[in-house]
Amino acid sequence: MSREAKLHDLIEDLKPRKFRKAGKIWTVVLCLIILNGLFSYIQQLTNGLSVTAMSNQISWGIYISNFVFFVAVSLVGSLISAILKLTKTRWSTPLTRIAEIIAVAAIIFAGLIIIVDMGRPDRIYNVLLHGRLQSPIVWDVLVVTTYLFISILLLYIPSLPDFALLRDRMKNIPKWQHKMYRVLSLNWVGKPAQFNILKRSVRILAILIIPVALGIHTVTSWLFASTFRPGWNSTNFGPYFVAGAFMVGAAAVIAVMYVARRYYKLDKYLTDKLFNRMGQLLVLLSLVYLYFNINEYLTPAYKMAGHEEALLKDLFVGDFASMFWSVQVFGMALPIIFMLFKWGRKPFPLFLISTAVVIGAWFKRFLIVVPTLFHPFVPIESEGGMVHYFPTWDEWSITLASLAGALLVMTILFRYLPFISIWEMAEEQETQEQIPETSANPKLAH
Amino acid sequence: MDTFITIWQSHLGRTLSICILIGMMFVNSDLTAQEAAAKIKPKLRLSYVKDLGGSTQVKASVYYIEDGERIYCEGAPVGFYTDEDGEDLFEEVKVNDAGEAILQLDHEGLTAFEQSPGHYYFFAQIEKNDKYKSLDEELYVTDADIKVNFEDNDSLKTLEAYFLASVDSAGAMIPVADVPLKVFVKRAFALLPVGGDFTYTDEDGKIMIPFPQDIPGDENGDLTVVVKVDEDEDYGTVQFEEEVNWGVPSLSQSPIAERSLIGARDNAPLFMVVSINIILFGIWGYLLYLLYGLVRIKKLGKVS
């Protein structure tokens with residue numbers, strides 16, 4: 001088959017496609033969830049944070065645990081795009097676009113959910129005007145903003161050749177879509193000088209994103225670890241959060257991979273072998289996270305000292321026991337066990353396992369944030385006796401809206417960008433067949 | 001049968017009447033109990049506070065006890081009268097959220113309550129209303145004064161305070177013995193007692209205490225000295241206050257003012273400022289360079 005024919009096949013397989021019925025229904029459902037969340041947010045803006053179940057004692061709830069979850073998921077961008085790319089792990093090539101889109105969507109909503117948690121979002125400028133450099137919150141703002149920018153660049157820059165291909169080859173698309181590709185492609189014609197800039201930029205971005213990604217989740221963990229509260233006052237938190245983030249990020253990629261493979265018939269590219277490899281990667285990351293989990297709970301449990309004792313009792317046998325053990329079993333132990341077997345790394349089982357890991361990760365972040373607040377380091381007089389926290393309807397609808405929003409961003413990006421990088425796949429094929437570079441060659445482009 | 005009916009009827013009638021009467025008693029007592037429960041009998045305490053150099057106040061503390069807790073009667077109207085019959089109302093003041101109705105008096109106002117020169121009579125009353133039962137309280141006060149001399153001889157600081165009151169009928173101020181006159185230094189949140197707990201005026205109405213040399217003052221070494229009689233049954237509370245340069249000058253070494261982790265915004269540790277700025281400018285500088293790379297990509301395409 002000629003180079004042009006192969007490229008044509010790639011484009012036909014991977015080009016963005018219109019939604020079918022399922023895609024439209026999916027989009028409408030997401031929009032409805034978001035609208036409902038917006039309505040609840042208006043209630044919150046009008047009536048203040050009293051619409052939530054948060055209080056003086058339980059001052060952080062599902063908004064913050066949702067924030068930590070989003071930051072965790074966003075780390076996948078650095079894992080797949082950067083680490084695997086720099087180590088020339090070629091089998092991960094089909095995953096880079098998926099990973100970067102997940103990262104961008106997740107980090108956008110990480111930033112937004114923090115603003116939602118503020119009772120007075122109009123005062124966010126105070127963080128810039130009056131923020132103290134000593135504050136972990138200011139570090140978090142800086143690092144989240146930096147990571148967002150890097151993730152957007154790492155999504156956009158490698159997409160330039162694909163935008164050019166779509167600009168030149170996609171027919172029967174609306175004029176505005178064609179114009180969008182034309183603008184986004186930045187006059188890309190595939191000149192060697194352009195490729196040099198692109199490859200150098202991507203390489204440096206891949207190197208740069210690793211410390212920033214490690215930084216974002218370490219700094220997020222310091223929001224907790226820099227306090228004296230039981231359950232948070234731990235030197236283990238930085239690597240614990242990073243390990244958890246890699247795990248949930250990998251699981252998120254697998255879940256999206258499966259949906260893309262089923263919906264867009266991408267079996268040729270998102271092969272069983274790829275799922276197997278991602279499953280192996282997920283097992284490894286899960287085992288590392290399991291190690292940090294054991295460290296995090298076993299050490300204070302061995303001592304059962306002071307405030308830690310009450311918190312651990314709450315988690316192990318108390319009010320949060322059912323959630324805690326469900327997360328450990330269904331979100332970690334069983335997935336690890338199942339993935340150790342080859343059948344557990346087949347596409348559909350792996351999709352189910354990954355979904356369980358992602359859901360477990362969300363509840364894990366809840367268990368990190370909320371139970372500690374029931375055991376304050378400095379005693380607080382709670383109003384009206386027993387302290388409770390169960391999120392209100394408004395909190396749930398806003399949180400679900402943020403999750404729906406992230407999914408909507410991913411959906412829109414997948415609608416207009418190829419799921420898999422066409423030019424990188426073409427290069428990959430050529431490398432394997434030792435054919436000279438053809439991607440976005442000016443002679444072939446027209 | 002007729003007899004039985006008659007008897008039954010008469011019994012019935014009596015029984016019914018008795019039942020109705022008993023029922024009315026309970027109903028009435030219920031109403032009465034409700035009425036009684038609705039009206040609270042508060043406690044009313046009067047106190048007199050004279051701040052020499054400031055104002056004079058008469059405070060009416062109004063509260064009741066419920067389940068062992070003191071509940072303030074916020075909003076209750078307290079009438080202050082100049083006569084004991086409660087007819088000559090001077091002013092009505094509402095109880096505040098601290099449970100006090102405070103009557104502020106200037107010299108002219110105080111005169112209205114003067115029974116005889118230097119002797120005042122205050123009568124406060126809460127009239128019966130929907131919420132509270134009526135209550136009144138009276139207070140007799142003798143006018144008093146405090147004079148203070150600060151003596152600094154060869155770095156030995158001595159404070160002399162005289163307590164004078166209008167003891168005689170002409171209202172002239174004369175020294176009074178055996179009055180517990182206390183000396184304090186004003187601190188940020190409380191009064192620091194100075195000179196011992198039991199300082200009573202002698203036959204000249206005087207106390208004399210050596211003033212400590214080591215009390216920190218402000219940055220100039222100024223202190224506010226307070227001399228007072230507290231809640232005396234004859235004189236109320238009389239307070240004298242004066243600023244004197246008898247403290248040790250203290251330069252505030254606030255940790256917030258130094259470069260530290262807990263410092264103010266402009267006082268972040270130097271290593272932190274340097275390292276964070278290097279990282280931020282380094283990373284963002286390169287990101288801006290990447291954006292420039294995109295511009296170059298676009299230009300290269302245009303040339304082509």
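Analyst: Happy to, starting with pockets. On a 1 Å grid over the protein atoms alone, a pocket is an open set of points with protein on both sides within 12 Å along at least five of seven lines, whereas a cavity is a set where a 1.4 Å probe fits but cannot get out; lining residues have an atom within 4 Å of a point. Grid points are joined across faces, edges and corners, and the volume is the space filled by probe spheres set on them. The model is predicted, so local features need pLDDT of at least 70 and side-chain atom pairs pLDDT 80 or more, while totals for chains, interfaces and linings use all residues. Residues are numbered from 1 along each chain as its sequence is written, chains are lettered from A and ligands numbered from 1 in the order written, and side-chain values use heavy atoms, without hydrogens and water.

User: How much space lies in the largest pocket, and which residues lie nearest its centre?

Analyst: The largest pocket holds about 1100 Å³. Its lining has 33 residues, with W26(A), V256(A), V259(A), L407(A) and M410(A) nearest the centre.

User: Which helix gives the most to the lining of the largest pocket?

Analyst: That is α16(A), with 10 residues. Helices here are DSSP runs of H or I with at least four residues, strands are runs of E with at least two, and both are numbered from the N terminus. At least two lining residues each come from α2 (21-47), α3 (62-74), α5 (96-117), α11 (237-264), α15 (347-373) and α16 (393-416) of chain A.

User: What is the make-up of that lining of the largest pocket by class?

Analyst: It has 29 nonpolar, four polar and no charged residues. The classes are set by residue type: Ala, Val, Leu, Ile, Met, Phe, Trp, Tyr, Cys and Pro count as nonpolar, Asp, Glu, Lys and Arg as charged, and the others, Gly among them, as polar.

User: What is the volume of the second largest pocket, and what lines it?

Analyst: Its volume is about 640 Å³. Of its 25 lining residues, I114(A), I124(A), V127(A), I137(A) and V141(A) are the closest to the centre. In chain A, α3, α5, α6 (125-130) and α7 (136-156) each supply at least two residues of this lining. By class, the second largest pocket is lined by 19 nonpolar, four polar and two charged residues.

User: Why is F338(A) called partly exposed?

Analyst: Buried means under 20% relative accessible area, exposed means over 50%, and partly exposed is in between (1.4 Å probe, protein chains only). F338(A) has 32% relative accessibility, so it counts as partly exposed. This residue sits in helix α14 (residues 321-339) of chain A.

User: Why is N187(A) partly exposed, and why is D178(B) exposed?

Analyst: N187(A) is at 23%, so it is partly exposed, and D178(B) is at 61%, so it is exposed. N187(A) has a positive phi of about 60° although it is not a glycine, and it belongs to the loop between α9 (175-184) and α10 (192-225) of chain A. D178(B) also is not a glycine and has a positive phi of about 60°; it lies in the loop between β12 (173-175) and β13 (182-186) of chain B.

User: What makes K50(B) and D143(B) a salt bridge?

Analyst: A salt bridge is a side-chain nitrogen of Lys or Arg within 4 Å of a carboxyl oxygen of Asp or Glu. The closest N and O atoms of K50(B) and D143(B) are 2.7 Å apart, and the two form a salt bridge. K50(B) is in strand β1 (residues 43-51) and D143(B) in the loop between β9 (135-142) and β10 (144-153), both of chain B, so the pair ties together parts that are 93 residues apart in sequence. Both K50(B) and D143(B) are buried.
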